[in-house]
Amino acid sequence: MTKPSSRLPALMTIPEVAERLQVSIKTIRRWIASGDLPTVRLGHQIRIQPKDLDIFLRQRWTS
């Protein structure tokens, strides 16, 4: 009998997302502030889930 995996998905920082998309950190912060890019808050730190980034990109790509 195998135990279900309790591993959480890797979360990305704002600079990591900015580098991946080749945009500025300021642009990522604007997308977060406008509510377009969902985030997870861990204390004072902001992280982005890869699945939320993928959804965000798909919505932008088709718009």
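Colleague: In which helix is D52 found?

Modeller: This is a predicted model, in which local features need pLDDT of at least 70 and side-chain atom pairs count only at pLDDT 80 or more, while totals for chains, interfaces and linings use all residues. Residues are numbered from 1 along each chain as its sequence is written, and side-chain values use heavy atoms, with hydrogens and water left out. Helices (H or I, at least four residues) and strands (E, at least two) are DSSP runs, numbered from the N terminus. On that numbering, D52 is found in helix α3.

Colleague: Is D52 buried or exposed?

Modeller: A residue is called buried under 20% relative accessible area, exposed over 50%, and partly exposed in between (1.4 Å probe, protein chains only). The relative accessible area of D52 is 13%, so by that rule D52 is buried.

Colleague: Which residues does D52 touch, not counting those up to four places away in sequence?

Modeller: A contact is counted when heavy atoms lie within 4.5 Å. With residues up to four places away in sequence left out, D52 touches L37 and P38.

Colleague: How do the elements run from the N terminus on?

Modeller: The protein has 3 helices and 2 strands. Among them are α1 (14–21) and α2 (25–33), and helix α3 takes in residues 50–62. From the N terminus on, the order is α-α-β-β-α.

Colleague: How far apart are the end C-alpha atoms of α3, given its 13 residues?

Modeller: The expected span of a helix is 1.5 Å times one less than its number of residues. The 13 residues of α3 should therefore span 18 Å, and the model agrees with this, since its end C-alpha atoms are apart by 19 Å.

Colleague: Within what arc do the buried residues of α3 fall, seen down its axis?

Modeller: The buried residues of α3 are D52, L53 and F56. They line one face of the helix, because, seen down the axis, they fall within an arc (taken from the directions from the helix axis to the C-beta atoms) of 100°.

Colleague: Which exposed residues does the face of α3 turned away from its buried side carry, and what does the cover of its buried residues include?

Modeller: The face turned away from the buried side carries the exposed residues K51, R58, W61 and T62. As for the buried residues of α3, what covers them includes α1 and α2.

Colleague: Which residue forms a salt bridge with D36?

Modeller: A salt bridge is a side-chain nitrogen of Lys or Arg within 4 Å of a carboxyl oxygen of Asp or Glu, and by this rule the count comes to 3. D36 lies in the loop between α2 and β1 (40–42) and its partner in helix α3, so the pair ties together parts that are 24 residues apart in sequence. D36 is partly exposed at 37% relative accessibility. With the closest N and O atoms 3.1 Å apart, its partner is R60.

Colleague: Which side chain meets that of D54 in a salt bridge?

Modeller: D54 is partly exposed, with a relative accessible area of 30%. The pair links distant parts of the chain, 34 residues apart, with D54 in helix α3 and its partner in helix α1. At 3.7 Å, N to O, the side chain that meets D54 is that of R20.

Colleague: Are the rings of W31 and F56 stacked, edge-to-face or tilted?

Modeller: Rings of Phe, Tyr and Trp (its six-membered ring) pair if their centres lie within 6.5 Å, and planes under 30 degrees apart count as stacked, over 60 as edge-to-face and the rest as tilted; a search of the whole structure finds 1 aromatic pair. W31 lies in helix α2 and F56 in helix α3, so the pair ties together parts that are 25 residues apart in sequence. F56 is buried, with a relative accessible area of 3%. The ring centres are 4.9 Å apart and the planes stand at 50°, so the pair is tilted.
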